[in-house]
Amino acid sequence: MEREYAKNAKNAKNVKKEKRVLTGVHFMQGNYAVVEGALAAGCDFFAGYPITPANEISEGMSKRLPGVGGIFLQGEDELCSINAVAGASLAGAKAMTATASAGYDYFQEGLEYGVAVEAPMVIVDVQRCRGENFATQADIMQVRWGPAGDHEMIVLAPSSVQELFDFTVRAFNLAEEYRTPVIVLSETTIALMRERLVIPGEDEIPVVNRKWTSKTPDDYLPFQADPWGVPEFAGLGRGYHTIYSINPHDEKGSIEWDPDAFERLYTRIPAKVAKHREKISTVQRYRLDDAKVALVAWGSEARPCLDAMEVLRERGKKVGVMKLDVPWPFPEEAVSELGRLMDLVVTVEMNVGKYAGEIERACNGRCRTARVTKNRGMIHSPEEILEALGSLEEVR
Amino acid sequence: MAIDPQPDLRINPLRKYVREDRMPHFFCPGCGCGQVLSSFLRGVDALGLDIDRMTAVAGVGCTARIPVYIKMDTLHGVHGRTLAWATGIRLHSPETKVVVFAGDGDAVSIGGNHFIHAARRNLDVLMIVVNNFNFAMTGGQVAPMTPAGSVTMTTPYGSGEPPFDLCALAVAAGATYVARTATPHIARMDQAIKKGLEHSGFGVVEVLSQCPTHFGRYALGSGSPEKLLDWIDGICVPKNRADSMTPEELEGKLVTGEFVHRSRPVFRGSTFIDESTFINESDVAEDNAAGKGECRS
C-alpha cells in the first residue's frame with residue numbers, strides 16, 4: 001500500500017541559513033550522528049534535559065538547530081522536555097528529545113499522551129546502568145511497555161554510528177507516517193564511540209512528512225483513520241477546533257464514555273502499527289542460508305556476535321547471525337522462521353536476560369534455545385560469546 | 001429566503017464559541033468553572049480575538065474541562081504539564097495565542113516546577129488558575145492553596161499544610177502580569193482576564209472560585225454556592241485597602257487586584273543565534289566546489 005504525503009507547510013517556511021545535511025564522510029561520535037540524522041530528517045524542534053551519556057545530543061542540537069531555523073529548548077526537567085515535544089508536534093513541528101535511562105523513566109507520561117493523541121515524536125534513550133554511565137541493554141522491556149494503556153511502540157536499535165544516523169532518519173519517517181512516538185534505543189557503547197559516518201546527499205535521504213489534511217474544518221474528523229490506519233493531521237491554530245485529549249475520544253475528538261468508542265480507539269491505535277509490522281520490523285541476516293545455529297542480537301551486541309560467527313565458520317560450524325534492527329514491534333515472522341529452520345537459536349544480550357524470552361516464545365519449542373547474557377557494564381567480547389557457546393553440543 | 005437582520009436576543013451571543021453538542025456540561029451545580037468559562041469568552045469577544053488562531057491548554061481536573069466546551073483547539077488530559085505543552089506550541093508556532101486553564105493542584109502542586117520556570121522565562125502565555133482551594137475532581141483532598149487547618153478528605157483532623165500565595169510566587173519567579181480576582185466579583189474578573197488576554201508575556205490570573213460539592217461541604221460545612229460566594233467575598237481584601245493593613249489584620253485574607261503589569265522580553269528558545277555568523281549559501285557552494293566541505297563532530 002502506498003501513500004501520498006502532503007508537503008509540510010511549516011518546513012517550507014524555514015529559512016535555511018546553514019546546511020541542514022552535512023553530506024560527506026565524517027569521523028563522528030554516535031551522539032552527534034543522532035543530531036545530524038535528526039536534521040537530515042527535517043527536525044525543527046528539540047527539547048532536552050542534561051544527562052550523561054546523552055548530553056552531546058542536546059549540545060549538538062543547541063549548536064545546529066538555530067542555524068537551520070529550528071528551536072532548541074533546555075527543559076527544566078524531562079517532563080517539560082517530552083511534553084514540550086508533544087506540544088510542538090501538535091503545532092506541526094518535527095520534534096525530538098533525548099535522554100539516558102534514568103531520564104527515560106520520566107518520559108512515560110508524555111509517551112502515553114503522544115500515543116493517545118497520535119503525535120509524531122522521536123525519543124532517543126541512551127541506555128546506561130542504573131546511576132552510572134556503563135553499557136547495558138537493560139531498558140529493552142521498558143521501551144516496549146513503559147507508558148500506561150494499550151499501545152504498540154516502534155523501537156529502533158542501532159548498532160553503530162552509521163546506524164545511529166540512518167535509524168534516526170528512519171525514526172522521524174516512521175513517526176510521521178504512523179503518527180506515533182518512535183524510540184531510538186541507543187547504548188553507551190555506540191553513543192560515545194567515534195566511527196566513520198557517511199552522510200549521503202540531501203536528495204538521497206528519504207524524508208516522510210505526515211499527511212496534512214486538505215479537508216475543510218467542517219468536513220474534518222481529527223481521529224478518523226484513513227485506510228492506512230492513521231488520521232490526517234490539521235495542527236493547532238488553524239481553525240480545526242480539535243481536542244487532543246488523552247481521554248477516550250471518538251473520531252470527532254470528543255471525550256467519549258461509550259464502551260464501543262473505547263474499543264474502536266484502543267483497537268485502532270495499536271493496530272495501525274501492528275498491521276504494518278513486517279514492513280517496519282526489518283532484520284539483517286548474516287550467513288543464515290546454510291546455518292544450523294543462529295545468534296540473535298539487537299543493538300551493539302550484534303557486533304561481537306558477527307565476530308564470533310566468523311571464528312566459528314572458520315572452524316567449520318554452520319553458524320549465522322540475525323540482527324534485529326527493530327526489536328519492537330517484535331519481528332514475529334522472521335524469528336519464528338528461525339525456530340523452524342535452526343537446530344539452535346541463541347539470544348545474546350547485555351542484561352540479565354529479557355528479550356530472550358520473546359525469542360524463545362517465537363521459536364515455540366521447534367528448536368533448542370539458549371541465552372548468552374551479561375550485565376557488567378561492558379559489551380560481550382567475541383571470546384566470551386565463544387566460551388559460552390562452547391558448552392552447547394550444536395556448536396562444540 | 002429572507003434573512004433576519006436582527007440578532008435573536010433570546011440566544012446568548014457567546015454561544016457561537018460553545019460546543020453545543022457537548023452540552024450539558026459536567027460541572028456540579030453552583031461550580032465556579034462556568035463563570036470563568038463565560039468570563040474568558042467575554043474577553044475574547046470584547047477584544048475581537050480570532051479563536052481559530054488560539055489554542056487552549058488544560059491538564060486534569062475540573063478547571064481542565066473548561067476549554068473542552070469551547071470551539072477551539074485544545075490539549076487535555078495530562079496532569080500538571082500544561083505549561084510544558086504550551087512551551088512547545090508557543091516556541092514552534094509564535095503566531096498561535098495560547099491560554100492555559102489550570103486548577104490550583106495542576107498549576108502549583110504537580111505543575112509547580114513548570115510554573116516557576118515559565119515565569120522565569122516570561123513564556124508568552126496567559127494562565128488562568130481557578131483556585132477552588134482543593135482537589136475537587138478527585139473528591140476533595142488537600143491542595144497547595146487550601147487554608148491551613150481546613151478539613152478535607154485527606155486532612156480529616158485539619159490541614160497541617162501552610163498554603164501558597166500563588167500571586168506572590170508568580171511575581172517572585174518573574175511573571176509579567178499577575179492578578180487575583182474572584183467569582184463573586186464578575187466585573188473585576190472580566191477585567192483581569194481581558195487584561196491578561198491583551199498582555200504579552202507570562203500572565204497569571206488567579207480566580208478564587210467556589211467548590212460547593214467538596215471544599216464547601218468538608219471545609220466550610222455547607223454545600224450552598226451562595227454561602228461559599230459569601231465566604232470568598234469575605235476573605236477578599238482589595239489591594240489598595242490591603243496596602244494600609246497590618247500582617248495581623250491580613251491573617252486569613254487574600255488580597256485581590258493587580259500585583260504586577262510590566263514588560264520584559266518574551267521567551268523564544270534556550271539559545272539565540274547571531275545571524276551574522278550564518279554560512280552564506282554561495283560560500284557553501286564555493287567551498288563544496290573547492291572540496292572544502294565542512295566536517296564537524
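In the predicted model described here, Gly30(A), Ala33(A), Val34(A), Glu36(A), Gly37(A), Ala38(A), Ala40(A) and Ala41(A) of helix H2(A) meet Val161(A), Leu164(A), Phe165(A), Asp166(A), Thr168(A), Val169(A), Phe172(A) and Asn173(A) of helix H8(A). Contact denotes C-beta atoms, placed from the backbone, within 7 Å, and helices (H or I, at least four residues) and strands (E, at least two) are DSSP runs numbered from the N terminus. By class, the contact of H2(A) with H8(A) comprises 10 nonpolar, four polar and two charged residues; Ala, Val, Leu, Ile, Met, Phe, Trp, Tyr, Cys and Pro count as nonpolar, Asp, Glu, Lys and Arg as charged, and the others, Gly among them, as polar. The axes of H2(A) and H8(A) come within 8 Å and cross at roughly 35 degrees, where axes are lines fitted to C-alpha atoms over the stretch in contact and angles run from 0 to 180 degrees between N-to-C directions. This crossing of H2(A) and H8(A) is right-handed, that is, the near helix is turned clockwise from the far one by less than a right angle.

Residues are numbered from 1 along each chain as its sequence is written, and chains are lettered from A and ligands numbered from 1 in the order in which they are written. Local features need pLDDT of at least 70 and side-chain atom pairs count only at pLDDT 80 or more, whereas totals for chains, interfaces and linings use all residues.

The largest nonpolar core holds 200 residues, among which Val85(A), Val122(A), Val155(A), Ala294(A), Leu295(A), Val100(B) and Ile128(B) touch the most other members. Such a core is a set of buried Ala, Val, Leu, Ile, Met, Phe, Trp, Tyr and Cys residues joined through C-beta atoms within 7 Å, and a residue is buried if 20 or more other C-beta atoms lie within 10 Å of its own. Helix H8 (residues 161-178) of chain A gives the most to this core, with 10 residues. Beyond its neighbours within four places in sequence, Val100(B) contacts Val57(B), Thr82(B), Leu83(B), Ala86(B), Val125(B), Leu126(B), Met127(B) and Ile128(B).

Chain A is assigned domain 1 (9-204) and domain 2 (284-390), with bounds from an automatic or database domain assignment. Their centres, taken over C-alpha atoms, are separated by 27 Å, and 22 residues of domain 1 of chain A are in contact with 22 residues of domain 2 of chain A. On the domain 1 side, H7(A) gives the most, with four residues, and the residues of that side divide into 15 nonpolar, four polar and three charged.

Chain B contains 10 helices and eight strands, and buried residues make up 47% of its 297 residues. The contact between the chains takes 40 residues from chain B and 48 residues from chain A. The largest share of the chain B side, eight residues, comes from H2(B), and the residues of this side divide into 15 nonpolar, 17 polar and eight charged.

Tyr177(B) is found in strand S5 (residues 177-182) of chain B and counts as buried because it has 24 C-beta neighbours inside 10 Å. Leaving aside neighbours within four places in sequence, Tyr177(B) is in contact with Lys195(B), Gly196(B), His199(B), Gly201(B), Gly203(B), Val260(B) and His261(B). Tyr177(B) and Asn122(B), 55 residues apart in sequence, are 9.8 Å apart in space, C-alpha to C-alpha.

Technical notes
A residue is buried if 20 or more other C-beta atoms lie within 10 Å of its own, exposed if 12 or fewer, and partly exposed in between; C-beta atoms are placed from the backbone. Two residues are in contact if their C-beta atoms, placed from the backbone, lie within 7 Å.
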